[in-house]
Amino acid sequence: MQIQGLLSFLTSFAIMAAIYGIFSLGLNVQWGYTGLLNFGIAGFFAIGAYTSALITTAKPTGVLADYVTQAVGFNQPFLVGVVGAAIASGLMAALIGLLTLRLREDYLAISTIGISETIRIFFNNERWLANGPEGLVGLPKPLHDLVPPMYYNFIYLIIVLTFLVLIYIALQRGIRSPWGRVLRAIREDEIMTSANGKDIFRFKMQSLIVGAMIMGIGGALYAHYAGAIQPGLFTPLFGTFIIWAMLTVGGTGNNRGAVLGAFLVWALWSWSTFFILRVVPASFQTRAPFIRYILIGLVLVVVLLKRPRGFIGEETHVSKL
Amino acid sequence: MSILRVENVVSGYGSMEVLHGLSVEVDEGQAVAVIGPNGAGKTTLLRTIFGVVNPWKGKVYFRDEDITGLPPERIVKMGLSYVPQEHNIFPTLTVQENLEMGAFVREDDIRPRVEEIYALFPDLTDRRTSPAGDLSGGMRQMLAIGRALMLNPQLLLLDEPSTGLAPFLVDAIFDRIEELNAQGMTIFLVEQNAHRALQSSDQVYVLEGGEKKAEGSSQEMLADEEIGRLYLGR
Amino acid sequence: MLELLVYGIILGSIIALGAIGITIISRVASRMSNFAHGDFMTFGAYIALVVNGTLLSGVAFLQQKVGPLTFGLGLLLALVPAAILTALLAIGIDQWVYRPLRARRAAPILMSMVSMGIAFAVRGVIYIIWGADFHFYFSGIRRMIFLPMGIKIRPDEIFIMVVAWGLVALTYLFLGRTRTGKALRAVADNPDLARVAGISTERMIVWAWGISGGLAAIAGILYGVETQLRPEMGWGFLLPLFAAVTLGGIGSMEGALVGALVMGIAQQVSTAFLLPTYKPAVAFIIMVLVLLVKPEGIFGRR
């Protein structure tokens, strides 16, 4: 049935868009509220996904152990996995924050790229941890026995949307709170906010951790949707800069914009998949996916050029002379 | 003959208006001073003339040519030169290189001109190859002025040339300024050291709160008791 | 270990060439960090591949290997168009993208973010035109020269050192002896005063991008000679480049050179204990350590 196919497609689309929406919200806490240039989202993505995977699967035994090695496997339910993902991500953020928060913003950015790449490389090389390049498969889908497999995605969509809405509400309340106001003030002008550098550091750290925990949840949700994860997924393009493009398009500082941007850019990404599969001649098929690099790059450039609203845009330059 | 005319200039930074409709005029060959307390807008006036700051209203004319809002790179080619009060040298460049940069817009051999500047400020000669940032306050000021003189300007704008200098150095600087004026260069300077400024100039404007409070001949001002009380600490 | 040291110096020399470009841009072109620098390196390397491998491939004598080197005059000739085209690319991007942002008084961080978008766009184009496979400038066996103390190096690597440090020396001469070079330094010192003196900062920014792009191209080609060409080759340099500049002191040329050598050596030496794929982590850790202990870097000021 045509409708069936369309609904199915839309559901898959919405699940991914909503998951990315969660990432976008997390980035908005870090960048939109506090001005932290986190170019290492992929790292939190990976931590979240892997933590949930390791928590919710059992350590392989018997014949399977010959093919899959993982360090731990707690075989816990889905929600435990998600919580674990958030905690692990938050802890990683705390560590990263201790090391990098004192850096100048662009050097913080470069550092976070380095960290997220290191995380990916670590998972790739250390087979004992999570099966190296092959990654983990058979990740459990929550509530999968409620409906026939054909309709499962609808259930998952509801699960993801629930998380999205809850996080959104929590953030909206957070931004109106005194805590949120301090964060905004820090972003606007660090010098004027507080004489106490230690306070600013604390707030930045909190913002980094909260954002990271949200991203960890996103990672877990992705893992259980895809059912399988490998290190090769968590690249700068797919795991970091697509989210930056989303936040940029949506307009930063704005939670609604973050989610909207996620849907828009994911639509663009999905269109590009369609374009690659259907329009591009077969001989170019292997190279066509790289069109996404250009897409994301151009989105970043064009949107920042045309509408830098919400960014630390206008710097008043008073001549020194 | 009027060489510089500032007409009803309103200027400031961001949303802060500093000059509220100011007019001054300088005749060729004169030495004109603008005195007044801190925050009067003296530096803003010079910045506005030289294009470092764009005026919100009003006009600036150099020899009847409208230079309002032109960028500094163009104004310097027209015969004006500006010595800022602070950050007025290139600290990592040597003394020699600082002077060379002063004549950047010239394509020809500037070495004779450099030697002339050394003749004017002999103390700089020994420090040719020193980074300008290593110089003492007085030498820096001399270098800053020397840099501005490299293009042999017809009109020299100076922002508080006495800043941070010991009295004997102040005298030395002002002696040079008077020399340059005697040789035909028009001088337009702003100063907090009102006494010395009045001694070295023909005409004076008194600026306070972005507005002209008084103007006239420097000699008369020096003798004026009111001015003396307000600005000369008598 | 000694061999790792030598190899590290070679790598460090390539990093140095890139680090100079980063420093020039950050000091002259409105204090921005050019995150696209690595991809400029890649771009230059691939241009040379096209010029030498395609355009000049028919000319037999240009393909003959020069002495003990693995490549012919063709590649040497290709250095020029590669550098020029990369310089033009950098300048073009500046005029089309960064200049409007400058006119709007955009914060440097915004321009750095845009440069990340540029990086992805350039890389995407390279992926599409050449694909993800490796390419090589030459084929065949790499010969070794044996130096005292049991060090083996390739003649190519001597070539790399000569070219890299030769260009560094040329850059120093340019900045120290020429009118434009001094003007660049003046703008780096005090851009407002430079304008007052009649130096057009916009013109100097164009020069800065041109030099930076040209040096990046050569660095990329040298890396291609040393290893191979792949679309991610320059992106992998980004972290060592910025780590080198940080280590040496942001804004200091000498610092960038020293930092680059240290970074190259550290990364190579680390392979004695860690898997080579962890090299980015080494660069990152060093950078963070430096920033925590001495934030201004070795030669830092300001």
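Which residues have the most contacts inside the largest nonpolar core? In this predicted model, they are A:Ile22, B:Leu157, C:Ala16, C:Ala208 and C:Ile218, and the core they belong to has 281 residues. Helix 9 of chain C, residues 201–226, supplies the largest share of this core, with 15 residues. As a general background, nonpolar side chains tend to be buried together in soluble globular proteins.

Let us stay with chain C for a moment. Its secondary structure comes to 12 helices and 2 strands. The C-alpha atoms of chain C fill a box of roughly 55 × 45 × 40 Å along the principal axes. How does the radius of gyration of chain C agree with that of a compact globule? For 302 residues, such a globule would have a radius of gyration near 19 Å, and chain C has 19 Å, so the two agree. Of the 302 residues in chain C, 59% are buried. Contacts in this chain also reach along the sequence: among those between residues at least 6 apart, 77% join residues at least 24 apart.

One helix of chain C is worth a look of its own. Helix 11 runs over residues 253–270, and 15 of its 18 residues are buried, so that the helix is mostly covered. At 1.5 Å a residue, its 18 residues should span 26 Å; the C-alpha atoms at its ends are 25 Å apart, which agrees. In any α-helix there are 3.6 residues a turn, so residues three or four places apart point the same way.

Next, turn to the place where chain A touches chain C. Here 41 residues of chain A are in contact with 41 residues of chain C. On the side of chain A, helix 4 (78–100), helix 5 (105–125) and helix 13 (291–306) each supply at least two residues. Helix 5 of chain A gives the largest share, 12 residues. Sorted by class, this side of chain A has 23 nonpolar, 10 polar and 8 charged residues.

Chain B brings in some strands. Strand 1 (residues 2–13) and strand 4 (residues 57–62) of chain B pair in the antiparallel sense over 5 bridges. As an example, B:Val10 has B:Lys57 in strand 4 as its bridge partner. Strand 4 of chain B is also joined by 2 bridges to strand 5 (residues 65–66), and these two run antiparallel. There, B:Tyr61 has B:Asp66 as its bridge partner.

Strands 4 and 5 of chain B form a hairpin with 2 residues between the strands. B:Arg63 lies in the loop between them and has a positive phi of about 50°, although it is not a glycine. B:Arg63 counts as partly exposed because it has 16 C-beta neighbours inside 10 Å. Another residue of chain B, B:Asn152, also has a positive phi of about 50° without being a glycine. B:Asn152 sits in the loop between helix 5 (137–149) and strand 7 (155–159) of chain B, and with 13 C-beta neighbours inside 10 Å it counts as partly exposed.

Leaving aside neighbours within four places in sequence, B:Leu157 is in contact with B:Leu46, B:Ile49, B:Phe50, B:Leu80, B:Ser81, B:Tyr82, B:Val83 and B:Phe188.

Conventions: Residues numbered from 1 in each chain as written. Chains lettered and ligands numbered in written order. Predicted model: local features only at pLDDT ≥ 70, side-chain atom pairs only at ≥ 80, totals over all residues. Helix = DSSP H or I, 4+ residues; strand = E, 2+ residues; numbered from the N terminus. Expected span 1.5 Å × (residues − 1). Buried ≥ 20, exposed ≤ 12 C-beta atoms within 10 Å, placed from the backbone. Contact = placed C-beta atoms within 7 Å. Nonpolar A, V, L, I, M, F, W, Y, C, P; charged D, E, K, R; others polar. Rg over C-alpha atoms; globule rule 2.2 N^0.38 Å. Core = buried A, V, L, I, M, F, W, Y, C linked by C-beta atoms within 7 Å. Pairing = 2+ DSSP bridges.
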